[in-house]
Amino acid sequence: MGKIAQTDLGPGQVFISADHQHQYVLFSDTRPMISHLFMFWCFLYSDIIMLTFPDSEKLVIDLTVQSHKPHFIAVHCQEVGGKNYEASMAHVDCFVKELLSSDAMKEYSRARVYLDENYKSQEHFTALGSCYFLHESLKNIHQFDFKAKKFKKVVGKEIYSDTLESTSMLEKEKFPQDYFPECKWSRKGFIRTRWALADCAFDLVNIHLFHDASNILAREKSPSVYSGMRQKALGFVLDRITDQRFEKVPYFVFGDFNFRLDTRQVIESLCSTATMQTVRVGDTNEVEKLIFRESENDRKVYVNALCTHTIPVIFHVLSELLIYPYSEDSSQGKQYMDTRCPAWCDRVLMSATAKDLVLKPENEEKYLVYDNIGPNVCMGDHKPVYLSFRLTAGAGKPNANKHKCCNVQ
């Protein structure tokens, strides 16, 4: 495919590849798209960092399910086990089992849970988790077997963890090592599953792209070096899910894209009249921090490698739109941390063909909701986002119910 513009996209944008072969619609918090006929509620839920605050997360999931009453729920998790995954991973399965047995989930008779927990395998470990819950009223739901290249009926509840490489019901890849900043492994990659329901076939892709490891490095140029890394990794995923190995179907990609504001442009805009002081480490002469001072007042902006002071205060007015970085103090559910510029890291991206699955007339706009979850509750440093919509039966392809992609077993 052609190049993606080397910028981190803002809310509500559509982008087209340079060769005009691929068009993608990007949902964000400010401009929900509009949809069309309906058959089943679908609920796509992105970026819950499991076991950071398991009680609040489980409660918020339960309340969200009770509120929307979806028939098909997809939950994509990044950083399964939390940041201290070596100590916490043992509790992940308990969290999932409690969720499955909760009152809110009792009508979901089928489930597929895929948890990448094998942190000892650095070349494969992504810490991604993809969880799917199907309401008992849904009939004839099928999932694609990527090895057998056919759909299989979904029956019962199954949990897969530890080593997912041997599971043929999904595709999981960690990004190549030379994609990573300084070629150092971290928990970044994607998981793809394929589903057939309501005479529609579509892919659901869980993704985790690279973060800004250093504010100082992110500020050096515009767009930043990290933006280029994210562009490259996103292109890798889109190439993989649209290549010739399998028939192309509509797809939703949702997870932590780590899309950020352009740090250099933000600082230049906020500190246009300020003078910059560079503070270096004595032994190595490395830049430790940058200090921007305005002569006519006492305002300062400090830019450390892992901290950008004062900027979250400036962005407080956008608190309903920005879902990162929130405080990880369980008593500070509405408070930003001062580690990064606030950003829209978590998105639901869809192909142009997937848009046909959710289009609806203007008078049915209430059936499509794009929002974040837990605005007043500590959910970790990200507020999860979700897309809720009615799925149009047979949409996305003419005669989808007769299409060869839907051959089932």
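Start at R260, which sits in the loop between β13 (251-256) and α6 (263-270). The model is predicted, and the values here are computed from it.

Is R260 buried or exposed? R260 is buried, yet it has no salt bridge. The nearest side chain of opposite charge belongs to D212, and it is 4.5 Å away. A salt bridge needs a side-chain nitrogen of Lys or Arg within 4 Å of a carboxyl oxygen of Asp or Glu. R260 does have a polar contact, though: its side chain and that of N258 are joined at 2.6 Å.

Now move to strand β18. This strand covers residues 369-372 and holds Y370. Why does Y370 count as buried? Its relative accessibility is 7%, and buried means under 20%. Two residues from another part of the chain come into view here. One is R347, 23 residues from Y370 along the chain. The C-alpha atoms of Y370 and R347 are separated by 9.8 Å. The other is V348. The side chain of Y370 reaches the backbone nitrogen of V348 at 3.4 Å.

Last, look for empty space. Rolling a probe the size of a water molecule over the atoms shows where such space is left. The largest pocket holds about 400 Å³ of space. How many residues line the largest pocket? The lining has 20 residues. E79, K83, H211, Y324 and D381 are the ones that lie nearest the centre of the pocket. Sorted by class, the lining has 9 charged, 6 polar and 5 nonpolar residues.

Notes: Residues numbered from 1 in each chain as written. Predicted model: local features only at pLDDT ≥ 70, side-chain atom pairs only at ≥ 80, totals over all residues. Heavy atoms only, no water. 1 Å grid on protein atoms, 1.4 Å probe; cavity = no way out; pocket = protein on both sides within 12 Å on 5 of 7 lines; lining within 4 Å. Points joined across faces, edges and corners; volume = space filled by probe spheres on them. Nonpolar A, V, L, I, M, F, W, Y, C, P; charged D, E, K, R; others polar. Helix = DSSP H or I, 4+ residues; strand = E, 2+ residues; numbered from the N terminus. Buried < 20%, exposed > 50% of the residue type's maximum accessible area, 1.4 Å probe, protein only. Lys, Arg positive; Asp, Glu negative; His and termini not counted. Polar contact = N/O pair within 3.5 Å; in protein donor to acceptor, adjacent residues only side chain to side chain.
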